[in-house]
Amino acid sequence: MKRSPRSRITTLSVLGAAALVAPLLAAPAQAAPSAPAAPSPGPVVRQQATSDAAKKRVLEYWTRDRMRSATPMERLFRPKHSTLESVKRGLRQALPPVSAQSFPNGGSTWTGGGAVARTAGRVFFTYQGRTASCSGDAVTSANKSTVITAGHCVKLDGAWHTNWVFVPGYDNGNRPYGTWTAAEILATPQWVASEDISYDVGAAVVNTLNGQTLVDVVGGQGIAFNQARGQNMYAFGYPAAAPYDGSKLTYCSGQVINDPLLSNGIGMGCDMTGGSSGGPWFLSFNESTGTGVQNSVNSFKYNFLPTYMFGPYFGADAQNLYNEAQS
């Protein structure tokens, strides 16, 4: 039975066990050459509104009231092979306490303005016949039209979302920079194949609006891959589940840790709730200018650990996704 969107970010898919590779033995002198390794699968692309008629239909669909009523998009992931008590024991010394001071910050409305108040925005789409919401961010790209978000914000439970739009700078129902329809949405191959939470990364290529590209209008944040773990980062999004209502850009900040449990991702003290999924995480974030280098997205929480948010590590597969989107 299909699960309906939940009212809060919840937990985690189970990763497959990693295979151990035995040492390579010397081959006979006349051994036939081995076949070349198969290339890694690339990102998967799904078309959205590509005609003028389709763009018009999607824009007319997303009324102000429909956006306000959109359900925060989550998924319930049920860890296997771990009891709740064993997980709690493992976390006791793994996670530092969350502070309410300015840095680190566990969750506050962003009032600093700057570039992030334009590049970050809400994502809206139809999921299994229901209106739903996530968050996203405009990044620098060759096509000036690329939005980075979470994988489950483009595809979930085996089905791609429809009526996909990005609203940068969303502010209490206002759309100061317009509503941008997606021409294509993309996700990592691991997310498409099995919804592996370690690869919960998605993207969209949005259509031009009034003859302009997204980056021409709102700018774009930098993006980087294969960076050192454990750095200070800022996370942004539009949490829409209580105690938030999706009306304001919210942020968290702190030193990032490795997920000590079941993913290859990273974590930060953060109380943002459902609807913030897909919002950007930044390295080298400058509070004065609102600029940074995107290096993850809000992805999931453990039910029993509501003060921590986790996101995927941006490695080679996230980079491949970005390259495919910007091309």
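Trainee: Are Cys134 and Cys153 buried or exposed?
Mentor: This is a predicted model. Buried here means under 20% relative accessible area. Both Cys134 and Cys153 count as buried.

Trainee: How far apart in the chain are Cys134 and Cys153?
Mentor: A disulfide joins Cys134 to Cys153, S to S 2.1 Å. The pair links distant parts of the chain. Cys134 sits in strand S5 (residues 130-138), and Cys153 in the loop between strand S6 (146-149) and strand S7 (155-156). The separation is 19 residues.

Trainee: Is the link of Cys134 and Cys153 left-handed or right-handed?
Mentor: Look at the angle about the S-S bond. It is -80 degrees for Cys134 and Cys153. That link is left-handed.

Trainee: What about the disulfide of Cys252 and Cys270: left-handed or right-handed?
Mentor: The sulfur atoms of Cys252 and Cys270 are 2.1 Å apart. The torsion about their S-S bond is about 65 degrees, so this disulfide is right-handed.

Trainee: Which parts does the pair Cys252 and Cys270 tie together?
Mentor: The two cysteines are buried: Cys252 at 0% relative accessibility, Cys270 at 1%. They form a disulfide. The parts tied together are 18 residues apart in sequence: strand S14, with Cys252, and the loop between S16 and strand S17 (280-286), with Cys270.

Trainee: How many nonpolar residues are in the lining of the largest cavity?
Mentor: The search finds two cavities of 30 Å³ or more. The largest holds about 40 Å³ of space. Its lining includes Val256, Ile266, Leu283 and Arg229. By class there are four polar, one charged and, as asked, six nonpolar residues.

Trainee: Which residues does Thr188 touch, not counting those up to four places away in sequence?
Mentor: Thr188 is in the loop between strand S10 (180-187) and helix H5 (189-194). Its relative accessible area is 1%, so Thr188 is buried. The residues touched are Tyr199, Val201, Asp317 and Leu321.

Conventions:
Residues numbered from 1 in each chain as written. Predicted model: local features only at pLDDT ≥ 70, side-chain atom pairs only at ≥ 80, totals over all residues. Heavy atoms only, no water. 1 Å grid on protein atoms, 1.4 Å probe; cavity = no way out; pocket = protein on both sides within 12 Å on 5 of 7 lines; lining within 4 Å. Points joined across faces, edges and corners; volume = space filled by probe spheres on them. Nonpolar A, V, L, I, M, F, W, Y, C, P; charged D, E, K, R; others polar. Helix = DSSP H or I, 4+ residues; strand = E, 2+ residues; numbered from the N terminus. Buried < 20%, exposed > 50% of the residue type's maximum accessible area, 1.4 Å probe, protein only. Contact = heavy atoms within 4.5 Å. Disulfide = S-S within 2.5 Å.
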